[in-house]
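Welcome! Have a look at the structure first, then try each task before you read on.

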Amino acid sequence: MGVTERRRREREIRRESAIDAAMSIYEEVGYHAITMEKIAERAELSRAALYLYFKNKEEILVSAIVAHSDYFAELLKEVYDNRESTKEHLLEKLWECFQKFYEKDPTAFTAWQYLHQSDVVGNLATELRDILHEAGSKVVALQHKIVEYAISKKVFIECDHRTLAEVIWSSFLGIIYIERSKNVLSNKNHLDNTQALAKRVLTQGILSKCRKDE
């Protein structure tokens, strides 16, 4: 390995160390308690070294979120690329993407949602807002394409594909946050059962057969 390549890898290791440190602090004490000083200490870097790689904590968190979002996009693209062979199971495949996205890094998942809140994203630098928007748009576009295809093949009901994609995604998000809250407050976890019921309701509808026949 040459000197240039070794230095490049060392820079990447330090960057990843800083990102990991920031996310662990976020998980422990929340967004507003994060400081560059705490990140440097946790990553075992000097403050001067940390500022060589990142301007501020927001840039570090956005880097982590974008990497996680790119993973989500890869999962969704795989579903879309295989849509012909799995079209009868697209809801299940789409939900599996959501689940893998969450399970790979729950902390990055919650940070991703947090930084998209209007009062938080509004305080980010324009450059960082644009980066988040681009990453989010890629994910949303893939969800739309999957749902649009399912509607065109009459696997999903006839409706606006963008709205239906939002309904499916928001159903997953709501379940995750409710179950996380329940787990914190009462140490109860019904995530698997709740997700199974949600997919059943999305597939079959909420009304019983007798009500549908009226």
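**Exercise 1.** What share of the contacts in the chain with a separation of 6 or more comes from residues 24 or more positions apart?

Solution. Start with the term: a contact means heavy atoms within 4.5 Å. Residues 24 or more positions apart then account for 62% of the contacts with a separation of 6 or more.

A note on the source: this is a predicted model, where local features need pLDDT of at least 70, side-chain atom pairs count only at pLDDT 80 or more, and totals for chains, interfaces and linings use all residues. Residues are numbered from 1 along each chain as its sequence is written, and side-chain values use heavy atoms, leaving out hydrogens and water.

**Exercise 2.** Find how many helices and strands the chain has.

Solution. Helices (H or I, at least four residues) and strands (E, at least two) are DSSP runs, numbered from the N terminus. Counting them gives twelve helices and zero strands. Next, picture the space: the C-alpha atoms fill a box of roughly 70 × 45 × 35 Å along the principal axes.

**Exercise 3.** Work out where Ile-206 lies, and whether Ile-206 is buried or exposed.

Solution. First, locate Ile-206 in the loop between α11 (191-204) and α12 (209-213). Second, recall the cut-offs: buried is under 20% relative accessible area, exposed over 50%, and partly exposed in between (1.4 Å probe, protein chains only). Third, apply them: Ile-206 has 73% relative accessibility, so Ile-206 counts as exposed.
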